[in-house]
Amino acid sequence: MEQSQLEQDFENKRLEQTIVIAKEQLSLARLRCADNKAAIISAKKDMWEDSSHSIGNLWSLENLYELAELSQYANQVSEKLSEYDRDADRILVLERLINSPYFARIDFNFDGEDTFENIYIGRSSLKDDKTHEIYVYDWRSPISSVFYRFGTGKVFYESPSGKITGEVNLKRQYEIRKGKLKYFFDAEIQIIDEFLRKMLSQNASSKMKTIVETIQKDQDMIIRDMEMDLLMVQGAAGSGKTSVALHRVAYLMYQGLSAKLSCNDIVIISPNTLFERYISNVLPELGEKNVNSFVFEEILSKVLQSETIQTRNHFLECLLSSDNQSDRAILKSSMAFKSSSQFAEILKRFINDLPHHWIPFDDIFYDENCVATRQLLKDKILKGNKESLLGFRLKQLENSILKLVHKQKKNRLEKLRILIREQSAYDSEVEAAARLLSIHESSALIKKIRHFTELDCIDLYRKLFSDKNCFYRLAKGLQLPDNIEEIIDFTCGNLEKDYLRYDDALALVFLHLNTKGFTDYQNIKQVVIDEAQDYYPLHFEILNSLFPKSRYTILGDIHQTIGKQEDLSLYDQVSKILNKTKSTLVTLDKSFRSTNEILMFSTKFLNPGFNLNSFSRKGDVPAVLTAQSRSALDNLIITEVETCKEKDYQSIGLICKTERDAIYLYERLKDRIDIQLIKSNIEIDLKGVFIIPVYMSKGLEFDAVLICDVDKDHFNSEDDKNLLYIACTRALHRVNLFYIGDISPLLQSK
């Protein structure tokens with residue numbers, strides 16, 4: 001029998017053995033689940049029958065024994081529920097494992113051993129409970145890193161016990177579907193590249209897919225990093241930085257007892273809710289629970305307890321769709337200033353200045369006696385513990401005043417009795433009337449005290465901008481924008497409206513956190529931030545206050561910034577603000593998403609000297625198409641959509657500059673082709689033909705992209721270069737651009 005047939009037979013037999021073991025464990029897990037479900041129902045029934053009729057007042061001393069018994073029932077139910085959840089999770093893992101148990105194998109010889117061990121690598125581990133032999137190693141296990149980082153030859157990996165060295169003489173990859181081995185190949189570099197190229201040539205899916213089979217060496221090093229408190233990744237469009245971050249989250253949740261994180265220990269901050277939905281399948285596909293995920297404005301709303309805050313998408317829509325150049329300029333400069341390090345410093349000085357000039361301390365009288373003078377109260381705050389937040393110190397001051405008042409309450413109550421007795425003919429009314437009057441006095445006193453012990457951040461923020469002399473005093477020595485007067489007047493006008501603009505909400509949250517604090521996220525251990533290039537210094541100041549105990553994984557691409565220009569100094573700023581002991585910046589400069597032709601076209605929108613490394617997948621050259629009229633252009637667009645459908649593309653994105661443009665295009669096309677409109681408040685699966693604003697397309701990928709209205713009115717500035725780069729690099733296979741009238745100057749030489 002030929003060697004290849006022997007190998008085929010061996011692999012088929014090994015796959016069968018693996019699936020048999022997995023099916024046995026699946027059957028046992030299902031039985032345990034059924035038993036636990038029955039036990040939970042029984043325990044709940046017993047708890048109800050034994051307690052509902054016999055215990056009148058659960059918290060009375062006489063019923064303490066019954067309460068203890070009830071607690072034991074509850075503990076039993078809780079334990080069974082935990083077991084049930086664990087088995088239910090394991091059932092899902094085993095079902096996936098039976099479909100495709102592993103995707104790779106390395107034959108590894110540990111130094112000092114005589115034989116090579118077959119190490120099979122899959123999305124989750126599988127061990128034979130009888131022999132304790134490991135049939136499949138989880139892709140996150142230490143030894144699996146050898147597959148991602150080395151070819152054949154001498155290798156090593158880091159284990160909990162230290163560095164392990166050895167030799168690999170075989171790397172093999174598999175395609176297994178529905179429990180059947182489709183093919184396998186021995187993974188030399190050229191063959192691996194061909195396998196990856198084949199995978200990348202497939203259509204985009206409606207949700208982000210896992211990349212465990214194709215993780216690259218530099219990506220694996222990011223995923224497994226356990227040393228850095230702040231890990232920053234500058235990743236080119238299509239470099240897989242978001243996928244890497246999610247696989248890193250899965251890795252952190254897998255790690256050993258001391259470092260393991262639960263889903264409640266991690267948060268992901270996404271650019272928008274559409275993106276949240278797009279990435280929602282990755283962790284479950286890797287066998288982990290989804291972690292908490294939210295967009296930044298959700299943080300703003302939660303801290304300020306307000307729903308009337310402008311979203312970032314609405315801010316971008318206002319910025320990009322404004323027809324008035326001066327309106328665009330003030331929107332942009334106001335955001336740039338109020339989210340800058342300079343303004344953060346002004347706000348810090350303002351907070352320090354509050355007890356000196358802004359808090360209306362008052363003399364406190366009770367029972368006609370001065371309990372505390374305004375100067376005494378002010379001095380207490382000024383001389384108090386500067387490490388404590390001002391809001392906390394003011395609350396302590398309030399409590400100390402109330403304690404002084406409380407000492408005099410008995411005498412005051414007696415005086416009130418005498419006063420009422422002199423005015424009332426009925427002794428029975430005296431006590432009740434005296435106590436009622438005392439309550440009214442106390443309420444009035446507390447209201448007066450809280451006039452200066454409770455900070456109204458939005459009122460203080462208004463005063464900061466309305467008093468220009470104070471503003472400039474606090475800004476002394478800082479570099480202010482040339483149009484600062486216009487920004488101040490613009491802000492004062494906005495603060496009279498019934499909703500908060502995005503830039504003012506950022507500043508108010510900073511003010512709130514640094515005067516009152518916020519403890520909801522104090523115990524988060526790892527924060528993942530995507531599209532970090534769109535954040536400003538004030539964002540990171542806020543994050544630093546919200547997540548003081550956390551490590552960070554921060555992903556960005558300075559070329560995909562919207563509404564501003566960025567360079568690599570962004571990461572120096574982030575490192576300085578977050579001030580972590582160990583931090584590093586890693587660059588991912590190879591793009592795997594788009595064809596070589598799309599990438600070559602896209603790089604023309606980048607600054608000279610910057611090159612994208614392509615994976616060299618071939619495709620059509622992007623074309624810029626024009627028409628003489630709007631109706632003729634629509635016909636061109638519809639023809640291109642039909643061409644994409646003929647190529648069997650599953651996701652076709654028509655990208656417009658703004659939501660306003662997207663709505664206009666949708667209204668023209670909706671009765672002619674099956675098409676969906678994606679707006680800020682809509683969450684859909686990215687399948688079919690749809691129209692989307694460019695700022696909502698970030699982080700997403702489509703089989704084909706049609707960029708609409710690339711005329712000189714829509715795309716003409718340095719900021720617009722970034723928009724075109726973003727739009728082009730959403731495509732896997734095909735990009736074409738459309739316009740009427742005069743072509744964008746950014747495309748004239750392209």
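Visitor: Which residues form a negative surface patch here?
Guide: E113, D114, E117 and E133 form one. Keep in mind that this is a predicted model.

Visitor: Where is E113 placed?
Guide: E113 is in a loop. That loop runs between β1 (104-110) and β2 (117-122).

Visitor: What element holds K23?
Guide: Helix α1, residues 3-51.

Visitor: How accessible is K23?
Guide: Its relative accessibility is 47%.

Visitor: Switching to salt bridges. How many are there?
Guide: The count comes to 48 salt bridges.

Visitor: Which residue does D87 pair with?
Guide: D87 pairs with R32. The N to O distance is 3.1 Å. The two side chains come from distant parts of the chain, 55 residues apart. D87 sits in helix α2 (residues 64-99), and R32 in helix α1.

Visitor: D87 and R32: buried or partly exposed?
Guide: One of each. D87 is buried, with a relative accessible area of 8%. R32 has 40% relative accessibility, so it counts as partly exposed.

Visitor: What about K395? Which side chain does it meet?
Guide: K395 meets E454 in a salt bridge, at 3.9 Å from N to O. K395 lies in helix α14 (residues 390-423), while E454 is in the loop between α15 (430-453) and α16 (457-466). The pair therefore ties together parts that are 59 residues apart in sequence.

Visitor: How accessible are K395 and E454?
Guide: K395 is at 30% relative accessibility, which counts as partly exposed. E454 is partly exposed too, with a relative accessible area of 43%.

Visitor: Why are D459 and K463 separated by about one helical turn?
Guide: Because they are 4 residues apart in helix α16. D459 is partly exposed, with a relative accessible area of 29%. K463 is also partly exposed, at 35%.

Visitor: Which residues are linked in a network of salt bridges?
Guide: E7, E11, R105, D107, R172 and D186.

Visitor: Where does E531 lie, and is it buried or exposed?
Guide: E531 lies in the loop between β13 (526-529) and α20 (537-546). E531 is buried, with a relative accessible area of 4%.

Visitor: And D709? What is its phi?
Guide: Positive, about 60°, although D709 is not a glycine. D709 sits in the loop between β22 (702-707) and α25 (718-728).

Visitor: Why does D709 count as buried?
Guide: Because its relative accessible area is 8%, and buried means under 20%.

Visitor: Let's look at helix α12. Where is the kink?
Guide: At N352, in α12 (residues 341-358). The kink is about 45°. It lies shortly before the proline P355.

Visitor: Which residues of α12 are buried?
Guide: F343, A344, I346, L347, F350, I351, D353, L354, P355 and W358. P355, the proline by the kink, is on that list.

Visitor: One tryptophan, W139. Where is it?
Guide: In the loop between β4 (134-138) and α3 (145-149). W139 has 0% relative accessibility, so it counts as buried.

Visitor: How far is W139 from S125?
Guide: Their C-alpha atoms are separated by 8.1 Å. Along the chain, W139 and S125 are 14 residues apart.

Visitor: Last, the whole protein. How many helices and strands?
Guide: 25 helices and 23 strands.

Visitor: What box do the C-alpha atoms fill?
Guide: Roughly 115 × 80 × 55 Å, taken along the principal axes.

Visitor: What share of the residues is buried?
Guide: 51% of the 750 residues count as buried.

Definitions and conventions. Residues are numbered from 1 along each chain as its sequence is written. This is a predicted model: local features need pLDDT of at least 70, side-chain atom pairs count only at pLDDT 80 or more; totals for chains, interfaces and linings use all residues. Side-chain values use heavy atoms; hydrogens and water are left out. Buried means under 20% relative accessible area, exposed over 50%, partly exposed in between (1.4 Å probe, protein chains only). The bend at a residue is the angle between axes fitted to the seven residues ending there and the seven starting there. A salt bridge is a side-chain nitrogen of Lys or Arg within 4 Å of a carboxyl oxygen of Asp or Glu. Patches are made of residues with over 30% relative accessible area and no salt bridge: like charges are joined within 9 Å, nonpolar side chains (Val, Leu, Ile, Met, Phe, Trp, Tyr) within 5 Å. Accessible areas come from the Shrake-Rupley method with a 1.4 Å probe; for residues, only the protein chains shown count as cover. Lys and Arg count as positive and Asp and Glu as negative; His and the chain ends are not counted. The place of a charge is taken as NZ of Lys, CZ of Arg, CG of Asp or CD of Glu.
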